[in-house]
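The exercises below ask for places, contacts and confidence in one structure. Try each task before reading its solution.

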Amino acid sequence: MTFGKGSHLHLIDGSAFIFRAYHALPPLTRKSDGLPVGAVAGFCNMLYRYIEANTGSDAPTHAAVIFDYSGKTFRNDLFPAYKANRPPAPEELVPQFPLTREATRAFNVSCIEIEGFEADDIIGTLSCQAREAGGRVTIISSDKDLMQLIGGGVEMLDPMKNKRIDREGVEEKFGVGPERVVDVQALAGDSVDNVPGAPGIGIKTAALLINEYGDLDTLLARAEEIKQPKRRQALIDNVDQIRVSRDLVKLDCDMVLDFSLDSLEVQTPKLDDLLAFLAKMEFRTIVKRVSERFGVEAPAIPDVPAPAAAMSEAPSAPKPVPFDTETYEKVSTMGALERWIDAIYARGYVAVDTETTSLDEMQAELVGISLCVEPGTACYIPLGHTIGEDDLFGGSNLVDGQLAKSMVLDALKPVLEDDSILKIGQNMKYDAKIFARNGVTVAPYDDTMLMSYALHAGLHNHGMDTLSERYLDHVPIPTKKLLGSGKSMITFDKVEINKAVAYAAEDADVTLRLWQVFKSKLHTEQVTTVYETLERPLSPVLARMEMAGVMVDRDVLSRMSNAFAQKMAGLEAEIHDLAGENFNVGSPKQLGEILFDKMSLPGGKKGKTGAYATGVDILEDLASEGQDLPARVLDWRQLSKLKSTYTDALQRFINPETGRVHTSYVQTGAVTGRLSSTDPNLQNIPVRSDEGRRIREAFIAPKGRKLISLDYSQIELRILAHVAGIDSLKQAFRDGLDIHAMTASEMFGVPIEGMDPMVRRQAKAINFGVIYGISGFGLARNLRIPRSEAQGFIDRYFERFPGIRAYMDDTVAFAKEHLYVQTLFGRKIHTPEIATKGPQAGFAKRAAINAPIQGAAADIIRRAMVRMPDAIRDLPATMLLQVHDELIFEVDEDACDQVIDVVKDVMKNAAYPAVVLDVPIEVDAGIGNNWAEAH
DNA sequence: GACATCACG
DNA sequence: GACGTACGTGATGTCC
């Protein structure tokens, strides 16, 4: 039938169908081989329902499903950052893309995708052609970018809401007719697709302007006439950017297609093909439904479990494969390795684990690699097992029967780097760094440790032993059994290969099984987004930061160490003199006895051990009463801390090869979502005391480069204002007020101008206290005021900001009901202790109040970090460190200002679009030759 | 290996 | 009505 008047074309946005199916359904896999098919199943269901629903009088005469072609489009030539902030598709979705095309053809519906174009362009071109031919068009999609096509017989159907969208619908959404939608979008931009638009102009304002001036070109030509100075400037300053934005959002309706509308005529499905496809996918329910509907016999789907299990198990017993270290294979020929590689390609994913000589990834040598493709089917490839002492020339005695490291890495590299093969690891950042140092960039990867963190933060740690015991009911071979412990501990290269096979392959086996368990649990617990946006993409970013390392000047540290040692010796002599005897100043026990027994100073015992407490607070109290000895001890302790923890220890962490210090970030280290930093901890480098801050002068940039530091200003208080909905706080942030002074002013009724710094200090302590789950006792101790007075402050605070009390009560109630709390971004922090009685309940309560605030701040900086590599891709800048609300970069000195602009922008907008905060986020920046100057 | 202490946000 | 309290981390030295 020729397409013309009376024809009705349906254009289905296929990609939207896929993503909806993916997110709506649990992660189904094909039973026979574990291929992920959840999205395909959902897609088939939707397509089937669509066909069923469109058989009536208004049925389409022509129809097609349009897909995006993966890869760059002409828009990336216009604007390289276009859609640059899109996270990559989830890994288990990737193999399903071609299957959805196959499904479309199986339903005998035309299936269209064209390289270099987005589905939207094809839909645009076909709509225009159909309109010119005099026919009607229905676009089945909810994508607002398609709304510019509406009119003249073209309508949209939102399949989610089952709602038709016509001219009026467009005007409702954009405030203008379809002809002007592009103009509005060009001004407003689109953060989802990374279309810049004009800063500060949203859809509302854009529509207002377009309606006033008629169209975008007129508006831009007469921009000088705009009355509001901000809008005027936003337009004038960004004319080019707005024009590019228009080119980006404007759909290409003039594509040359190598098929005609006529070829899209609706066909009845060929039942045999359709059922064959559905049976191949093992979709039992749809097969049944389709065959009943058409009254044909359903094709048989063999009910076999995985082939390996079929051999050893009766088909009726779907028991999990038991662990058996005897079955693991030692790979010692290239032929055997090739078979494993084939098995990986057949499967589409593989669990990987490395064995090395050290826990320090920057120094560790690769000793072996283990792989697992299905539960119970795992191998170990020994590469660097040695025997005896290393000889004097650095050579070693490799044990016989091992493949050459370079050959194995050459063979595995294409697999480990293959986009379509998912790699699975436990704490994969470690293994990825080992591989990176061996020339292999592992991607993409899933990490069972991170999956567990997204699922179980607050319940237990996420080490493999814990997870295996809890979720697989299996205790893996302990490391200790292989390596021993303490002084007699050996490195993995000295482990006998047969023992290594059992241990290492088991780790890969455990990892794969955990992955299967967590995979579906992420969906049922609704933390897939947390895992996919906040955990998984961060891991490679951290790996890069750690490998980059920060340059540290050894001489600066060494000089400081010497100076500290001298001062300490002087202080020690003074202290012994004051005490009238020699004792170990570093021993709190001995010090306590001197202070409270010998000198009989006021102050009591404390704690389970019965020892006197000699913490900073107590010594400060004594010092303020004029006691010299505790004052000297405080000075001594400060120096001792700086020397032992920083100036001495940091020197030992300078990597001999890179000359830099490489910390390790523990992504699962804090229950709230914060990172922690170890070996060394670079998140607690001194800054509060002048003396300590000088240690930051040792953190430097190489010649020609600078360090820059950017930190969020008051981010936790801003989040509190948002989540608790405190209007006066929000307004204060919008007005850029001094938030602690404003709090004081509200509470005590004093003007902000000329405020007593003491009053401001008290308000600041209360603001922090609120974030920590305030108590009268704690505030009293912090401010060193009577408890009754502190309680008075708190009462007053809650009176002035009643929303905060409500937030705290609601949060605790939520925690009690669900045994977890949640951040704005969906991160769950489990709080099982909240249900207990006794003093722990108090802790749990305060932790529950604090967690969503601290956690949301952590989520925001994580989002910024995930986007950062792309944002600074073409700039001479390296992200080095994160300190909770601060990011530190090393930058070519002539690019600092530019980098600061870009980074600031990413940090400020990091919450968007997942969360639209109703407080502004501010970021401060500094530049310097060292960290002290930059901060 | 537990504990106390203290560095950071 | 008493109890015991600020939230989140990691590294170091002492002492058993």
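**Exercise 1.** State where Ala508 lies, and decide whether Ala508 is buried or exposed.

Solution. Ala508 is placed in helix α21; helices (H or I, at least four residues) are DSSP runs, numbered from the N terminus. The relative accessible area of Ala508 is 0%, so this residue is buried. Buried means under 20% relative accessible area, and exposed over 50%, with partly exposed in between (1.4 Å probe, protein chains only). Next come the contacts, meaning heavy atoms within 4.5 Å. Apart from neighbours within four places in sequence, Ala508 is in contact with Ala351, Ser370, Leu371 and Cys372. Ala508 and Asp258, 250 residues apart in sequence, are 49 Å apart in space, C-alpha to C-alpha.

The model is predicted: local features need pLDDT of at least 70 and side-chain atom pairs count only at pLDDT 80 or more, while totals for chains, interfaces and linings use all residues. Residues are numbered from 1 along each chain as its sequence is written, chains are lettered from A and ligands numbered from 1 in the order in which they are written, and side-chain values use heavy atoms, with hydrogens and water left out.

**Exercise 2.** Describe how Ser291 is placed.

Solution. Helix α13 (residues 284-294) holds Ser291. With a relative accessible area of 3%, Ser291 is buried. Not counting residues up to four places away in sequence, Ser291 touches Leu275, Val296, Glu297 and Ala298.

**Exercise 3.** What is the mean pLDDT of chain A, and where does pLDDT stay under 50?

Solution. pLDDT is the predictor's confidence in each residue, from 0 to 100. Its mean for chain A is 90, and 97% of the residues reach 70 or more. Over residues 305-317 pLDDT stays under 50, and there the model has 6 contacts beyond four places in sequence.

Definitions and conventions
Helix = DSSP H or I, 4+ residues; strand = E, 2+ residues; numbered from the N terminus.
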